[in-house]
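Welcome, and thanks for taking a look at this one.

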Amino acid sequence: MPLSPETTVAGHRGKWTLLFVAALLACYVGLGLTASTRKSQTGDEGAHLTGGVSYWAFNDYRIQPENGNWPQRLCGLPVWLAGYQFPSTESANWRELKQWDVAEQFFYVCGNDVDRMLFDGRAMTAILGVALGLLVFAWSRRLFGLLAGFLSLTLFAFSPTMLTHGFLITSDMASALFFTASVAALWRLVHRVSAVSLAACWFVLSGLFLSKFAAPMIVPIGGLIVAVRLLNAAPLRIEFGTGRAISGRLRQVAMFASLVPVLIVGVAGTIWASYGFRYEMLNPGLGPAEVAVPWDGVETKSNIANQLLSAAREWRLLPEGYLYGFSHVLHFSESRSAFLNGEYRRFGWLSFFPYCFAYKTPLALLGCLALAVAAAWRFPQQSNAVAPPELADSTRALNLPSFGGWLYPLVPLVALVTVYWAFALVSHLNIGHRHLLPTYPALFIMAGAAAWWIFPPQRNPEPSIRVRRRGFVPLARVALAVCLLWSVVDGLWIWPNYLAYFNPLVGGPWNGYRHLVDSSLDWSQDLKGVKAWLDAHPIDARDTQQLYFGFYGAPPPSYYGIQAKRLPSFPEKWEPHVPEPLTGGTYLVSATVLPGIVLLMPGRWNEEFETRYQNLRKNVDVYRQLSATAEGQQQLSTIASPDEWQDMFRMYEAARFSRLASFLRQREPDDEIGYSILVYRLTDADIANALDGPPMELLEMPEAQSEDLRREGPRLE
């Protein structure tokens, strides 16, 4: 039977759609993977990948239980299958649960191919990114049309945020995927209950709870979705057996209530399966071990949370590894060193994530969102034409005014963004823009409505409506084209430094270090860039005695051929020695180290810091004077033990570097490597001014602010 013209056209359109989607996703994967090969291991990737490999190899969950089980298993799978050498389970680091030391051994001591391990693990995260991109396209297309799907996918594919975290061995992309998929599945389930919709909901909710311990946020999100669904009187379709429809809110509430325990049991069963159906976090077959941070060390300030976790442990409701990870996240999210716009705090800011969003969201996306809102306002009556078929009755039943028909299908997206942001604003875990990642797919989808300016939805509009919109449509189309082009340019221009992306509101990535650090900018990803920079600047690298490096991150710079004197860094690695004077030379300083939030004296320099620095300095001078003679060396032992002297030396070097950092914060860097490593060329006079002269920050600090700092007191760790 010959195909009709309509079928032929639809077939051609389907082929071109698949081709265009594949091309956009190929751009996404190509840009992301090639950029990732230019970057060194980021802060969490070592423990994340090591944990995933150990889960498969030993059915043991001692390494990074606070992160998601599924994303760690996914990224660790190809590395485990490749048979790389794993550190001995007889080592002290393994028995004492020193996960960062085990990870460093796995990467840099066992002789493994680090670049290959990182590539394989990051490629697995890329699979999650592709799945999320497809979901963004499909959802936007279903809501607003085919062109909208292409628009949303383009914003996704060239987003620096997606191109960063879609190619790192972390749980952030998994969290974004499963949050988005979960609200989609819940929205589907509250309109159509079937074996497929229930199974899909179980799977994505399981993925969410096994990807991020922020997963309980789905409960209020789901509650909001159900509440809005119950506002309309449309029947609930039940497709088990012969199928039927349930009318009446009470009966629908009863149906939804009956689904809750089914989903809870299903998700709990998946969690147990992911932990090998064993309660104990540590595999008893691997010998005795001691948790580095015991249970009482991860208790929270909430008595209710502690009691619930204690009851769950007593009744063994969930695996110990899962419960420990959950408690760990709650405990360490209650206070954390954080930096924003030149300030340091331990308990965060309400404004932290709004600033993150404002600084790191491409202006092209904000422009498309503004055009989407304008399109919904401009075409209110026609917007119902593209509502998903199964929601058509619900949309009419609500009888909402104006563009309410367009708004109803957006309920799951709006619920996700609203509830997630409500929790983010009060969070004390202000360490990275990446924690907003689950909200971006919803924004990409909603921005798709901007495509209506190109092809408005048609529903027999009256001639008067067509006349009224003619004046603004050409301008809106030009604005949309500019935003779309700008989005693509952003994704291409910042390559391969996607983590360091900042929009023009703060002057671009060159000024990022003044506003945000840690995983928003500097996550130890630029050691390869440092080596390339040193090779290109042989004058700076010719004398390793005059090359200093204050580094933030897990990988050792020496692995990448960087030979420099180590300044106090994070994590701290102290080897006994007597402090040597600092000299003029080239100073490389990680952006996260510069504000001092990971050092002994965090934040702006103040009078207490100055007093401690001067006291420590006098102690070092005394040591040097006494150690010059045999009689003096005997006297040293009467003043303090060797270990006490070394501890004092460690604190002195940390205080000295903190004072130097306060000096560097007052001047522009001479260069930036990947926008995350700052380069300062200092003379001997600069060093003397920084360490001996009046502290600049203390001089510039208003008296009122200085008094506040003295009253609050610094937090020294």
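## The largest cavity

The largest cavity is lined by 19 residues, and those nearest its centre are Lys39, Thr164, Leu168, Pro496 and Leu499. A cavity here is a set of points on a 1 Å grid over the protein atoms alone where a 1.4 Å probe fits but cannot get out, and lining residues have an atom within 4 Å of a point. Its volume is about 160 Å³, and six cavities of 30 Å³ or more are counted. A volume is the space filled by probe spheres set on the points, which are joined across faces, edges and corners.

Helix H1 (5-36) and helix H8 (160-165) each supply at least two lining residues, with H1 giving the most, three. Helices are DSSP runs (H or I, at least four residues) numbered from the N terminus. The lining divides into eight nonpolar, eight polar and three charged residues; Ala, Val, Leu, Ile, Met, Phe, Trp, Tyr, Cys and Pro count as nonpolar, Asp, Glu, Lys and Arg as charged, and the others, Gly among them, as polar.

## Leu616

Leu616 sits in helix H25 (residues 607-626). Leu616 counts as buried because its relative accessibility is 8%, where buried means under 20% relative accessible area (1.4 Å probe, protein chains only).

## About the model

This is a predicted model, in which local features need pLDDT of at least 70 and side-chain atom pairs count only at pLDDT 80 or more, while totals for chains, interfaces and linings use all residues. Residues are numbered from 1 along each chain as its sequence is written, and side-chain values use heavy atoms, leaving out hydrogens and water.

Conventions. On a 1 Å grid over the protein atoms alone, a cavity is a set of points where a 1.4 Å probe fits but cannot get out, and a pocket is an open set with protein on both sides within 12 Å along at least five of seven lines; lining residues have an atom within 4 Å of a point. Buried means under 20% relative accessible area, exposed over 50%, partly exposed in between (1.4 Å probe, protein chains only).
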